[in-house]
Each structure stands twice: as structure tokens, then as C-alpha cells.
Amino acid sequence: QVQLVESGGGLVQPGGALRLSCAASISIPQFVIMGWYRQAPGNERELLATITPAGNTNYADSVKGRFAISKDNAKNTVYLQMNSLDAEDTAVYYCNAGRFIDLDWSNYWGQGTLVTVSS
């Protein structure tokens, strides 16, 4: 059973930074894509950033220039560096990964980590 475990959330002041980590229970190059989402109360889950095994990245306009996704294959971990945080970034942040098993697409989620931006 594939597991994704997020960590690094917490309380941060406006303008501050946090780095989230997502540790996978399998070698991350096995995933076709990995990404970070977030969900604020009353809102739909929002895709923030993705990264491929080749290291290609994409970002939502809402976080472009402030957030950076990266990976460490040796640690089977994907990161989300978040800078210049403001109250609108308060949400539960989720790690996501997808891969093919034979011809079937399998999608995996972590349990989420809460980020609260407040003074």
C-alpha cells in the first residue's frame, strides 16, 4: 500500500515562510506526477504545483513566484517551499501522486498538513 506522509505545517506570521515535505513509501520516480493541493474551509481543493520525474514543474497562478516544488529522489520526498505567506494561504495542504499500474491509473493522497497564516 502506497503511503504519502506530509509534514511541516504549522502557524506562521504573514510574510513568513514554511517548507512542507511529502515522504512517499515507494521510490518517487515510479510516479508519473506528484503535486501539492490545498483546501481552505468552504473551498474546493486547489491544485498548486506539480513535478514530474524529469523535474518539470508547473504552478497555479495564485502561487507562482512564491511557492516552489522540488524533490529528492534519494529521500523519496517532495517539498513545497512557501514564501511570502498571507492569510489567504491558510488551508490544509495535501500531497498527491499518480502512477500507472499496468494500464490502470492509481491516485494517492496524503493525510494533509494544516498551514495557518496569522499574526
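Buried means under 20% relative accessible area, exposed over 50% and partly exposed in between, with a 1.4 Å probe and protein chains only. The model is predicted, so local features need pLDDT of at least 70 and side-chain atom pairs count only at pLDDT 80 or more, while totals for chains, interfaces and linings use all residues. Residues are numbered from 1 along each chain as its sequence is written, and side-chain values use heavy atoms, with hydrogens and water left out.

**View 1. Tyr-94 and Trp-109 form an edge-to-face ring pair.** Rings of Phe, Tyr and Trp (its six-membered ring) pair if their centres lie within 6.5 Å; planes under 30 degrees apart count as stacked, over 60 as edge-to-face and the rest as tilted. The structure holds four aromatic pairs. Phe-31 and Tyr-108 make an edge-to-face pair, 6.0 Å centre to centre with 65 degrees between the planes. Phe-31 lies in the loop between β3 and β4 (33–39) and Tyr-108 in strand β10 (residues 104–109), so this pair ties together parts 77 residues apart in sequence. Strands (E, at least two residues) and helices (H or I, at least four) are DSSP runs, numbered from the N terminus. Phe-31 is buried at 1% relative accessible area, and Tyr-108 is buried at 13%. For Tyr-94 and Trp-109 the ring centres are 6.4 Å apart and the planes at 90 degrees. Tyr-94 belongs to strand β9 (residues 91–101) and Trp-109 to strand β10, so the pair ties together parts 15 residues apart in sequence. Tyr-94 is buried, at 14%, whereas Trp-109 is partly exposed, at 35%. Ring pairs link Tyr-37, Tyr-94 and Trp-109 into a cluster.

**View 2. The charged ends of Arg-45 and Arg-19 sit over rings.** A charge sits over a ring if NZ of Lys or CZ of Arg is within 6 Å of the ring centre and within 35 degrees of the ring normal. Arg-45 is placed over Trp-109, 4.5 Å from the ring centre. Arg-19 is placed over Tyr-79, 4.1 Å from the ring centre.

**View 3. Thr-113 is a buried residue of strand β11 (residues 113–117).** Its relative accessible area is 10%. A polar atom of the Thr-113 side chain lies 3.2 Å from the backbone nitrogen of Gly-9. Residues touched by Thr-113 (heavy atoms within 4.5 Å) include Glu-6, Leu-20 and Tyr-93.

**View 4. Strand β1 (residues 4–7) has a covered and an uncovered face.** Leu-4 and Glu-6 are on the covered face, Val-5 and Ser-7 on the uncovered one. Four bridges join β1 to the antiparallel strand β3 (residues 18–24), where Cys-22 stands opposite Glu-6. Two strands pair if DSSP finds at least two bridges between them.

Methods: A polar contact is a pair of N or O atoms within 3.5 Å; within protein, one must be able to donate a hydrogen and the other to accept it, and residues adjacent in sequence count only if both atoms are side-chain atoms. Lists of a residue's contacts leave out its neighbours within four places in sequence.
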